[in-house]
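Please open the structure below in your viewer and have the selection tool ready. We will go from stop to stop together.

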Amino acid sequence: MFGRIEGPYDVVVVGGGPAGLAAALGARESGAERCLILDREPEPGGILNQCIHAGFGLHYFREELTGPEYAERFITKVIDGEIDLAPDTYVSGVSVDSDGTKWVRVLSERFGLKHVRTKAVVLAMGCRERTRGAIRIPGFRPAGVLTAGLAQKMVNMRGYLPGRRVAILGSGDIGLIMARRLTLEGCEVVGVFELMPYSNGLTRNVVQCLDDFGIPLHLSTTVACIHGRERVEGVTVAPVDGHFRAQMAQARTLACDTLLLSIGLIPENELSQSLGLRLDVVTGGPLVSSTLETSMPGLFACGNVLHVHDLVDFVTAESLLAGRFAGEWAQGVRRPADNISLVPGDNVRYCVPHTLSPEREHTIYLRCKEAMKPCRIRVGDLMEKRLRFVVPAEMIMVKIKPDLLARFHGDTLRVDLVPDAGAVED
Amino acid sequence: MYDVAIIGGGVVGCAIARQLAHYRVRTVLLEKQAEVAFGTTKTNSGIIHAGHHSTPDTLKGSLVVSGGDAFDRLCEDLHFGFRRIGELVVAQSAEEIPVIEELFSRGRSKGIHDLEMWDAQRLRREEPNLSHHLCAALFAPRAGVVNPYEFAFALIENAVANGVELRVDSPVVAISDGEDGGLCLHLGDGGAGGPMGGRVEARFVLNCAGVYADRIAALAGVQDFEILPRKGEEYMLDKRLKGLVRRLVFPVPTPASKGILIIPTFDGTLMVGPTAFDTDDREDLATTDLGADTVFDFVSQLCPSITRRDTIAEFAGLRAVSSSNDFIIGPTSRRGFINVAGIQSPGLTASPAIATLVCEILRSEGLVLEERGDFTPRVTGPVRFASLDVKEQQRLAAEDLRFGRVVCRCEMVTEGEIHHAIDHGARTLDGVKFRTRAGMGRCQGGFCTVRCMDILAQRLGLRLEEVTKRGSSSWIVVPRRSPAAVTHPSSSPQTLAED
Amino acid sequence: MAEQSHFVCIGCPIGCPLQLTHEGKEIIEVSGQECNRGAKYAAQEFTDPRRVLTTTVAVEGGRWERLPVKVSAPLLKTQLFAALAVIHEVVVTAPVEQGQVLVRDILGEAGLHVVATRSMPQQGK
């Protein structure tokens with residue numbers, strides 16, 4: 001039911017974007033009868049509502065959909081699946097009784113402040129963007145410095161432009177997508193500036209968002225200063241050396257009235273922190289077991305709040321699973337604790353989940369620290385696979401079947417990415 | 001014609017306005033920016049000093065203690081955030097101990113009797129996260145912290161409630177003789193320097209123009225001092241460092257400044273800075289790499305857990321340092337024109353005492369100050385939904401549905417608070433931000449900006465493109481172009497335009 | 001006279017730089033690829049480079065002021081701005097269903113429609 005909160009629930013999902021929608025469906029599929037999705041926006045769909053471009057669902061639906069189309073598929077299933085959905089609702093906290101009953105504190109115009117009783121909770125709040133403060137660009141603080149995601153919301157949801165002559169710092173996909181979007185809306189995008197010597201986004205986006213429109217991509221370059229007191233008037237850009245320090249002797253200043261920042265995403269971990277969950281310092285999200293349960297029993301996490309994904313299809317897969325385990329937990333199923341730690345090894349920045357169990361199949365997600373081509377992925381002594389090319393910007397997914405783990409008697413499994421023997425160094 | 005016109009709506013101008021509001025005196029405050037406190041006050045460190053730093057033979061030194069003492073009562077009446085968290089002046093070596101001992105005696109001679117000298121052991125016990133090489137400290141329990149803009153907003157709100165007129169976007173561009181023996185202030189158009197915005201006549205004019213006080217004095221033909229702006233950069237740190245340091249931490253002072261500090265702000269988040277850099281440019285509010293390095297290199301000596309990586313926001317402000325290095329408060333050779341200039345540190349602390357002093361000066365210059373019987377000293381403070389307990393939150397949200405809608409997710413600011421801010425003077429996005437904290441959290445406005453703009457637009461009858469960050473030309477969005485205006489960009493790579 | 005065109009393959013993260021040698025419109029060869037997808041991609045980009053076009057149109061009386069739309073089939077790169085000129089004139093009235101065809105056969109091409117990519121309920125519903 002849309003707009004209704006009538007507890008008690010079996011599973012409450014915090015966040016109604018792709019992760020939350022899938023988690024609720026997974027919970028329902030597992031047999032949990034009463035499920036509720038809470039979202040702070042006036043409608044579900046999360047960030048997909050403003051991602052009006054295509055490229056979603058190639059894996060999950062084998063179709064190329066736009067963000068809103070992908071979202072609507074799941075929203076329809078949620079409504080058909082008799083899952084309650086309360087939009088315009090903010091979760092201000094979760095408290096737990098000694099018997100494990102959870103109370104989700106929610107605030108909404110419709111209900112005021114209410115405590116919702118539930119057995120299990122799934123965190124699916126997504127992520128936020130890194131801001132100017134995080135990378136400390138010196139200069140003034142004029143209007144016109146904003147994150148690419150905020151600009152996307154202004155353009156796509158409201159039909160306003162953040163400016164007319166735009167510089168973009170960061171070659172993450174959001175920045176690239178906005179370079180194209182703004183160009184299609186008549187803005188002049190003066191360039192995309194990327195600190196690293198390689199783009200952080202998909203090649204497809206570099207080609208179709210920048211090359212197609214003659215927008216230059218300047219690698220190994222940073223914005224060293226922002227000019228303009230009331231409103232952005234320009235940026236000074238400079239190449240960086242091997243230690244990412246700006247080489248001011250080669251700096252140049254570009255006139256522009258807007259600077260978009262596309263410099264990274266961080267899991268939305270305020271609630272995770274206030275709940276005292278154990279966090280992974282690398283991802284910023286909670287530590288989870290192979291059932292996607294956090295350090296608090298009956299509290300699960302999935303999607304970007306757990307670790308920042310690239311493809312929504314993987315978010316859906318991960319979240320269906322989290323929902324299923326949450327639903328089972330709500331129905332009293334208690335599984336033996338995982339007994340294998342999964343740790344990142346050579347050239348692996350992080351891997352999720354953080355523990356494994358010989359009882360089930362796992363999908364492990366990981367990211368490399370540096371590009372490697374070709375390489376081999378090694379999971380302890382159990383598995384080795386050749387990969388043609390890995391880059392930090394593209395998450396790697398590996399399936400581990402239970403029979404593989406049945407042969408393993410240690411307590412720690414390490415994942416390494418090593419150069420393929422005989423590979424030519426890049 | 002007004003009895004008093006105050007030029008400048010910083011904390012000093014606002015404090016004087018409130019003091020004058022006690023009397024049957026027709027007062028107008030003219031602020032050149034879109035809102036009060038948008039100049040130096042907004043960037044002030046927010047420290048209410050104990051008073052041991054300045055010598056009693058300066059105006060600075062003689063007003064700081066009585067000013068500081070006034071804050072408890074002011075806080076009760078005006079409900080701004082204020083807390084006496086205490087201050088430590090730390091000695092990094094044995095050579096520095098005599099300097100803090102000197103501050104100790106100076107403080108005592110000024111009547112500050114609760115100062116303490118701490119040894120290394122006591123320091124380590126009380127502030128375990130400070131460096132272990134610190135060997136002693138002067139502890140001043142009465143030092144406190146406020147949000148300076150919150151204080152100024154409360155002052156002006158109470159002044160206006162008691163009859164003072166506030167005009168924003170009203171820069172003074174010329175001063176001539178008035179018709180009835182007073183002075184005539186000619187106003188420019190606050191927007192983009194367009195045609196003249198009117199005239200204000202007043203018997204007395206108070207020059208509270210901060211960094212521009214010497215220019216204003218020149219307009220009155222009585223400039224005999226200069227303002228030498230001194231820039232200070234400050235760095236706000238991630239709130240995960242809250243509680244790392246519990247008191248204000250000062251190094252041993254130098255002639256130029258009190259030094260680079262660790263400041264637990266009223267909201268709890270730590271701030272470090274300011275630098276002290278003399279500049280000719282009265283609009284130089286840029287933060288710099290050099291400034292950041294200066295701050296963090298120094299602060300990490302006092303507290304090794306603080307690094308530049310913890311920054312979530314940075315800003316800079318200009319201190320209005322006068323050529324005499326002291327406050328310049330008093331009448332001039334132009335009848336009716338009174339300076340309240342050169343208000344550098346401890347100006348915020350001294351502001352209540354400055355207001356009292358200025359009223360005395362006005363009285364001795366011939367202004368009759370008759371108390372009005374109906375002065376109401378109190379304002380109801382703004383609601384801070386996030387700091388209410390759950391029961392209060394529940395009650396409030398049930399009473400007024402606008403408190404059920406969270407706009408800023410990072411700081412849990414509700415729509416009701418945004419409306420309250422607009423009711424009480426916010427006209428810009430920064431005005432909302434500084435009154436409610438919306439946009440000050442970890443995402444720095446990423447999620448709440450559009451909603452805040454919507455509410456401002458709706459309440460003030462503006463189109464979205466007319467909503468500004470802080471007035472004047474700080475527009476935030478532009479409307480889409482009509483279809484005919486959109487063409488394909490050239491297919492050759494964009495050439496870089498030189499500035 | 002043999003000429004060269006350059007492309008970057010988007011088939012996988014490697015992003016092979018491709019060189020396509022052609023005489024007029026006739027492709028002679030493609031080099032630089034590490035797999036066959038590269039040759040196919042370069043040929044497609046040379047002869048018939050297509051893009052999916054998405055944007056928003058004005059909507060009246062809806063929950064939001066803009067409605068996201070797409071063109072039902074990929075357009076030639078060179079058609080994008082002509083198509084935008086047509087699409088950005090469109091104003092629809094809520095309610096709109098996802099998948100609803102808003103304009104048929106734009107740019108005179110049969111089968112090239114402007115389609116709503118979300119449903120837009122009326123304001124307040």
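This is a predicted model: local features need pLDDT of at least 70, side-chain atom pairs count only at pLDDT 80 or more; totals for chains, interfaces and linings use all residues.

**The interface.** Colour chain A and chain B separately, then show the residues in contact: 67 come from chain B and 59 from chain A. Together the two chains bury about 5600 Å², 54% of it on carbon and sulfur atoms. Nine salt bridges are found across this interface. To see one of them, select A:Glu268 and B:Arg409, whose closest N and O atoms are 3.2 Å apart.

**A helix pair in chain B.** Next, select residues 415–423 (α12) and 449–460 (α14) of chain B. How do these two helices pack? Their axes are 11 Å apart and meet at an angle of about 45 degrees, so α12(B) and α14(B) are oblique to each other. Their crossing is right-handed. Now show side chains: on α12(B), the residues in contact include B:Ile418 and B:Ile422, and on α14(B) they include B:Ile455 and B:Leu456. By class, this contact has six nonpolar, two polar and four charged residues.

**Backbone details.** Most residues other than glycine have a negative phi, and most peptide bonds are trans.

- A:Pro8 sits in the segment before β1 of chain A.
- B:Gly273 to B:Pro274: here the bond is also cis, with omega near -5 degrees. Look for B:Pro274 in the loop between β16 and β17 of chain B.
- A:Glu82: this residue has a positive phi of about 55 degrees. Find A:Glu82 in the loop between α2 and β5 of chain A.

Notes:
Residues are numbered from 1 along each chain as its sequence is written. Chains are lettered from A and ligands numbered from 1 in the order in which they are written. Side-chain values use heavy atoms; hydrogens and water are left out. Axes are lines fitted to C-alpha atoms, for helices over the stretch in contact, and angles run from 0 to 180 degrees between N-to-C directions. Helices (H or I, at least four residues) and strands (E, at least two) are DSSP runs, numbered from the N terminus. Angles under 35 degrees count as roughly parallel, over 145 as roughly antiparallel, 65 to 115 as roughly perpendicular and the rest as oblique. A crossing is left-handed if the near helix is turned anticlockwise from the far one by less than a right angle, and right-handed if clockwise. Contact means heavy atoms within 4.5 Å. Ala, Val, Leu, Ile, Met, Phe, Trp, Tyr, Cys and Pro count as nonpolar, Asp, Glu, Lys and Arg as charged, and the others, Gly among them, as polar. Buried area is the accessible area (1.4 Å probe) that two parts lose on being put together, summed over both. A salt bridge is a side-chain nitrogen of Lys or Arg within 4 Å of a carboxyl oxygen of Asp or Glu.
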